[in-house]
Amino acid sequence: MISPKAKGGSPAGLDRARTGKFLRVKMRFAVVLLATVLLPCSGSTASPDLAPTFTTDISPILDNYCYDCHGFGLSKGGLTLDELDSEAALNNPNLWLKVLKKTRAGLMPPVDEAQPATAEVEALAQWIKTQVFKSDPANPDPGKVTLRRLNQAEYRNTIRDLTGVNYDTALEFPPDDTGEGFDNIGEVLNISPMLLEKYFDAAQDIIADAIARQGLAGLSPPELKRALPADSAGRQIHARTLLENFATKAFRRPVNESTLDRLVHLAGEFSSSPGRMDETGIAQALVAILASPRFIFRDELPAPSVPGESFPLIDEYSLATRLSYFFWSTSPDAELTALARDGRLRENLDAQVARMLASPQSGQFVENFVGQWLHSRDIRTATINDFQIFLREHAPSEVVAARKTLSDLEAVSIHNRTPEQIRLGDEAVKILTTAFARLPRVRFSNALRGSMQQETEMHFAYILREDRSVLELLDADYAFLDERLANHYGIPGVVGTEMRKVTLPADSPRGGILTQGTILATTSNPTRTSPVKRGVFILDNILGAPPAPPPPNITSLEDAASPEEIARMTLRDTLALHRAQPLCSSCHDSMDPLGLALENFNAMGQWRDQEQNEPIDASGRLITGETFQTISELKRILVTRYRQEFYYCVSEKLLIYALGRSLQYYDTPTLDRLVHRLEETGGSLASLVNEVVQTAPFQRMRVSSPVQTALAHPGINPINPNFPTP
């Protein structure tokens, strides 16, 4: 990829360079000619000036820095750039989004190749955004809103706040699918016939339980009594009021008169004496409300349109719903609903965001967002074999020898063993039995797992509520610990069961999420660390550059050499052997140095200097050229050289969670705005959260879909229009 002019070279190399340059000039001429021929008659919807600007402004940049790896028959990483010979081929936003991300992060071209000037990188980025994406930062596309059902946590919390019933969704419902790392993504929150039936059953159980508890939360027992100590006419009035209040809270917007008429009629039909409106009838109407798509799904509607407005604002009831499920994972409370009803929510938005974040209910945001982004809630169920991990690092020599003896004897049937083999086997068992009884045990208990989960979530919450920089997620001089976790980490001076902020020693390798037990354990295998999993975690969740899925039929680490050779090799050596395979090198060159930097931490998150009597080497060289010797040095590189990549990553993860959808190329202006805000505020997490709420994707929507139109009209079920429900 480097020309002889840039690197120097032999005469043969010069000939190859001249030949390559000649071919590139020919190809560029062919692109211009083809574009000139095709452009007038092309039926493409792309901008008519895309090909000419590509040829004059962009192709020379790609020619100088990219085609040698992504052209002339080569397609490293599955990317080919020299076949963009038509408007249709050029108008591929997803391809250009990959190019934008790689060049913006400095990952392409590789560090040992010729590098484009800053002005060239900026020119490429601007062309992609303005010419291909057609981005308008002043009027960004808010994207597609997928009709989203409540996930398990949202359903459970909403039912609790609406009825006072703690319904066990994990027991009663199938697990939610996840997308983009989160379980609140509309595209994957499907509803099957079985789940639909479970919603009907749940509604009946919840209402029966609520009424048995002497009333419903928000619907006081006196209301229920009034609807039942009145005459026939009075019962109708009081029942209507009760159902209106309940449906308004359940539907997260005022119920219309037509729907309310049907609910009252339904209550009368199911009463023991038709028209008398007793408890049985009202209960059935309440069941119908909880089984309605308007409760199960989050319907969002546009505000009245403004002439000339491309993308209308969502109405204030929809905004209240977005806010409440973003921060609290439940329906809007009375204050949000009142502001939406009066049309004053937007003018009080900053104050409401501050109120919601200060509420204890915002713990749901921390638990569900951080729990999925940083894997903290996975620590509860992570499979960890604490005893095997301990043995890898602390087994006495006689135990190691005895285990090897038994392993060797496994290849010989017990009926075919010689007397000497039987004697050796018996002695090995005796040694192991005696030694195991004397060995101390490090137990990875449920209590310890709970402390680890709190450590990660409290760290994030502290940065958010104290208006500190997101960079402290990567490197900090403090940690949140109790005595149990501090002892596990080997940090002295922490006493008691209360989790609290602890200032770390100056030379501590701890500080930041990468050295917390949650991430270290959930990115390990049951009996040992996994530098690959840890490296993938950093690439995906810290740098926003997840590697491609591994090719099919790829050799596993354990199969990279014979079992005897593997037993003599360190994990670093095994990875190097695996990385030597051409199909593996491109991804492992990115993953392995990051994962190996964490090798001083075992699969339970404890510090160690050696494994299996071999000293641990945590040094490495990143694909962008930076070198480090320790995890502390890597953390400094991440918060300096990779600061912007982390800003983009945390902005992307937060926006995905807030919107409940994957991000697309047209979200680029919004992400740029969020990163600009982080740069302006020194990485303020609180400012980032506020900025997300102000973005077009959070505040606006595309024109109404048929489903949204159906939800806006009474008596239409968007799942099945022939089955009318409230």
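The accessible surface of the protein chain comes to about 33,400 Å², and carbon and sulfur atoms account for 54% of it. Keep in mind that this is a predicted model. The chain has 726 residues, of which 50% are buried, and its fold includes 35 helices and eight strands.

**A negative patch on the surface**
- D168, E172, E197, D201 and D205 come together on the surface as a patch of negative charge.
- Helix α10, which spans residues 193–212, contributes the most to this patch, with three residues.
- D201 sits in helix α10.
- With a relative accessible area of 38%, D201 counts as partly exposed, because that class lies between the buried cut-off of 20% and the exposed cut-off of 50%.

**Backbone details in the loops**
- Most peptide bonds are trans, and most residues other than glycine have a negative phi.
- Between M108 and P109, the peptide bond is cis, with omega near -5°.
- P109 belongs to the loop that links α6 (93–104) and α7 (118–132).
- K134 is not a glycine, yet its phi is positive, at about 55°.
- You will find K134 in the loop between α7 and β1 (148–149), where K134 is partly exposed, with a relative accessible area of 42%.
- D467 also has a positive phi of about 55° without being a glycine.
- Look for D467 in the loop between α23 (446–465) and β3 (478–481); D467 is partly exposed, at 46% relative accessible area.

Definitions and conventions. Residues are numbered from 1 along each chain as its sequence is written. This is a predicted model: local features need pLDDT of at least 70, side-chain atom pairs count only at pLDDT 80 or more; totals for chains, interfaces and linings use all residues. Side-chain values use heavy atoms; hydrogens and water are left out. Patches are made of residues with over 30% relative accessible area and no salt bridge: like charges are joined within 9 Å, nonpolar side chains (Val, Leu, Ile, Met, Phe, Trp, Tyr) within 5 Å. Accessible areas come from the Shrake-Rupley method with a 1.4 Å probe; for residues, only the protein chains shown count as cover. A salt bridge is a side-chain nitrogen of Lys or Arg within 4 Å of a carboxyl oxygen of Asp or Glu. Lys and Arg count as positive and Asp and Glu as negative; His and the chain ends are not counted. The place of a charge is taken as NZ of Lys, CZ of Arg, CG of Asp or CD of Glu. Helices (H or I, at least four residues) and strands (E, at least two) are DSSP runs, numbered from the N terminus. Buried means under 20% relative accessible area, exposed over 50%, partly exposed in between (1.4 Å probe, protein chains only).
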